[in-house]
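Here is a short briefing on a protein structure. Look at the model first, then work through the points below.

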Amino acid sequence: MAQGGQPILDATESGGPNPKPVVLLADPLIDEFEPELSARYRLVPVADADAATAASARALLTVDLPAVTSDVIDALPALELVVASSAGVDHVDLAACRRRGVRVTNAGDAYSADAADYAVGLAVAALRRVAAADAFVRRGGWSARGEYPLATKVSGKRVGIVGLGRIGAQVARRLAAFGCPVAYHSRAPKPGCPYRFFATARALAADSDVLVLSCALTAETRRLVNREVMEALGAGGVLVNVGRGALVDEPELVRCLREGVIGGAGLDVYDGEPDVPPELFAMDNVVLSDHRAVLTPESMQGVLDIVAGNLQAFFAGRPLLSPVTL
Amino acid sequence: MESMAVLLLHPVDKYLEQELDRRFRLLRLVDVPPDGHADFLRAHAASVRAVVTSCGSGCDAAPIDQLQRLQIVACYSVGYDLLDLDRCRHRGVRVTNTPGVLTDDVADLAVGLAIAALRRIPNADHYVRNGRWKANGHYALTTRFSGKRVGIIGLGRIGLAIAKRVEAFGCPVSYYQRTRQAYYPTYTYLRTVVDLAANSDVLVVACALNEQSRGIVSREVMEALGPGGVLVNVGRGAHVDEPELVAALSEGRLGGAGLDVFDDEPDVPEALMALHNVVLSPHVGSGTWETRKAMADLVVANLEVHALNKPLLTPVV
């Protein structure tokens with residue numbers, strides 16, 4: 001996420017009759033959030049908070065994905081709410097929040113359309129080699145070497161989605177329109193869902209040509225895609241990850257791509273981002289991207305609306321807009 | 001029954017050649033040096049009953065004229081604009097092509113190019129491979145695809161397949177062609193291409209190239225599409241005024257483009273190579289092994305039914 005300006009601290013109003021409520025910042029604010037939030041709240045970086053502020057602050061905001069550890073949470077005795085600006089909240093110690101009775105909100109539906117679009121874009125780009133073909137043309141390869149090698153068809157490919165939540169459901173709807181049969185894996189079958197359910201990621205992979213990861217990163221889903229799952233996906237299969245890098249055993253992914261255990265990948269996220277395994281840079285059967293799936297002005301406005309809405313609801317004692325089940 | 005003699009005029013995919021070889025007595029003009037063509041054709045003129053050609057790489061009428069016993073020309077392509085149909089008709093030579101089987105591929109690529117252009121996917125790939133994510137942090141924001149107004153020039157097989165796909169992204173669809181399509185009331189018909197461009201965020205060229213559609217995306221159309229608009233071309237390069245396109249993209253009067261076809265392929269205007277707001281692809285609309293196999297199977301199937309005196313599957317003449 002783009003780095004924004006520093007928050008404007010409004011000390012003059014803090015002692016007035018209707019002081020702005022304090023919202024602690026776990027990481028720097030971005031420009032898009034600044035005007036609306038600083039007009040309503042006194043925004044204090046958590047590292048700069050004095051003892052009195054830390055002792056009384058009720059809400060903490062995360063903009064990108066800073067680690068909100070149990071130490072951070074325990075240092076804030078009055079904390080009642082962590083507002084995340086992301087869809088996944090794996091950067092927040094949810095067990096500590098549960099123990100302390102701190103509620104957590106996420107980006108709700110703000111990112112779903114962009115994340116789903118991007119997953120489809122990566123799937124098409126990986127199968128049809130869109131990025132590699134673009135590089136081929138720009139290098140002058142077309143006029144010099146002639147016809148580009150045949151790629152793989154998208155329509156009709158069996159799509160397996162890991163995590164049929166807000167994003168996964170939108171990926172399913174989009175790829176169904178390409179004539180792709182859709183199946184999914186999640187903790188439990190979704191009642192009334194038209195798509196076929198698989199009880200394990202491995203069984204889903206074995207029945208898929210394209211495996212899309214759009215689930216939350218939790219203790220259960222960490223390294224969910226291991227060698228066994230990739231072997232089940234097979235040499236013709238393509239992995240698309242718009243979730244989190246740690247959903248995949250990354251060294252094993254590199255090996256499987258190199259050995260042809262799977263056919264290709266479209267990756268927007270990595271385990272140690274912005275570090276990306278350099279072995280991937282030389283592969284033309286992968287499409288790489290810098291965790292930009294949701295970085296559009298439309299998503300930024302959407303997430304600002306939900307962040308501001310959650311804070312307003314919280315301070316007014318109304319129900320939160322996008323609470324995470326703890 | 002003696003197997004039919006089939007003459008292969010142009011190089012084709014290995015799969016098609018192998019399937020033809022398995023079923024027919026295959027003669028390969030492609031293996032003969034050009035100065036030996038006349039002798040080769042004379043030697044086989046009495047036996048060749050079928051010709052297989054890829055009209056994309058040009059159809060020379062001469063071999064067809066020399067083959068007195070020729071009964072059928074099977075095109076390994078959808079287009080047959082390079083073949084003299086009247087002469088075939090006059091001689092009683094049947095002609096087949098491979099329609100329908102590449103519709104999905106072209107539509108898939110059109111949507112892929114639209115997303116890739118708006119979200120700058122090849123640019124992201126380049127950015128990561130060059131280590132710039134680590135060095136410079138995130139790239140700037142890119143533009144959402146879902147919900148964008150999509151305008152389609154030509155609501156034929158391919159145009160309809162594109163419409164069906166983008167509807168699932170919540171994109172309202174409009175179209176232009178010579179006549180309104182009464183069957184598709186959810187798509188808005190616009191009477192001119194300029195009107196269509198003015199009411200679109202993404203303009204897709206999916207029509208056939210003919211005298212009416214040559215240069216249909218003019219400077220005026222690009223101005224109407226505007227600095228926020230993206231042009232996707234999966235038709236033919238000649239549908240677009242290419243020098244104007246290059247100027248509009250370079251000067252920011254047009255927002256971006258996803259281009260699979262160009263005026264002078266395989267040459268691509270040098271000025272496009274440096275632009276981040278375009279996605280370039282080397283005319284691969286039907287370039288998947290599944291589709292090329294389906295096209296090959298259709299060529300073989302047409303020849304087989306012809307040999308059995310049964311009705312052709314996809315006759316042109």
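Chain A holds 12 helices and 12 strands. Keep in mind that this is a predicted model.

**Chain A as a whole**

- Chain A has 326 residues, and 52% of them count as buried.
- The C-alpha trace of chain A spans about 75 × 45 × 35 Å along its principal axes.
- A compact globule with 326 residues would have a radius of gyration near 20 Å, so the 22 Å of chain A agrees with that.
- Take the contacts in chain A with a separation of 6 or more: 62% of them come from residues 24 or more positions apart.

**The annotated domain in each chain**

- In chain A, UniProt lists residues 121–293 as "domain: D-isomer specific 2-hydroxyacid dehydrogenase NAD-binding", in an unreviewed entry.
- That stretch of chain A is 32% helix and 15% strand.
- The C-alpha atoms at the ends of residues 121–293 of chain A are 10 Å apart.
- In chain B, the UniProt annotation "domain: D-isomer specific 2-hydroxyacid dehydrogenase NAD-binding", also from an unreviewed entry, covers residues 111–285.
- Residues 111–285 of chain B are 34% helix and 14% strand, with end C-alpha atoms 11 Å apart.

**A closer look at helix α6 of chain A**

- Is helix α6 of chain A, residues 130–138, mostly covered or mostly uncovered? It is mostly covered, with 7 of its 9 residues buried.
- The buried residues of α6(A) are A:Val130, A:Ala131, A:Ala132, A:Ala133, A:Asp134, A:Phe136 and A:Val137.
- Which elements cover these buried residues of α6(A)? From chain A, the cover includes α5 (112–128), α7 (141–145) and β12 (286–288).
- Chain B also contributes to the cover of α6(A), including through its α5 (103–119), α6 (121–129) and β12 (278–280).
- Just after α6(A) comes A:Gly140, which takes a positive phi of about 85 degrees.

**Where the chains meet**

- The contact takes 49 residues from chain A and 47 residues from chain B.
- On the side of chain B that touches chain A, six elements each supply at least two residues: α5, α6, α7 (132–136), α8 (157–167), β12 and α13 (289–307).
- Which element gives the largest share of that side of chain B? It is α5(B), with 9 residues.
- The residues on the side of chain B that touches chain A divide into 23 nonpolar, 10 polar and 14 charged.

Note on methods: Residues numbered from 1 in each chain as written. Chains lettered and ligands numbered in written order. Predicted model: local features only at pLDDT ≥ 70, side-chain atom pairs only at ≥ 80, totals over all residues. UniProt positions renumbered as here; feature names shortened; annotations may be inferred. Helix = DSSP H or I, 4+ residues; strand = E, 2+ residues; numbered from the N terminus. Buried ≥ 20, exposed ≤ 12 C-beta atoms within 10 Å, placed from the backbone. Contact = placed C-beta atoms within 7 Å. Nonpolar A, V, L, I, M, F, W, Y, C, P; charged D, E, K, R; others polar. Rg over C-alpha atoms; globule rule 2.2 N^0.38 Å.
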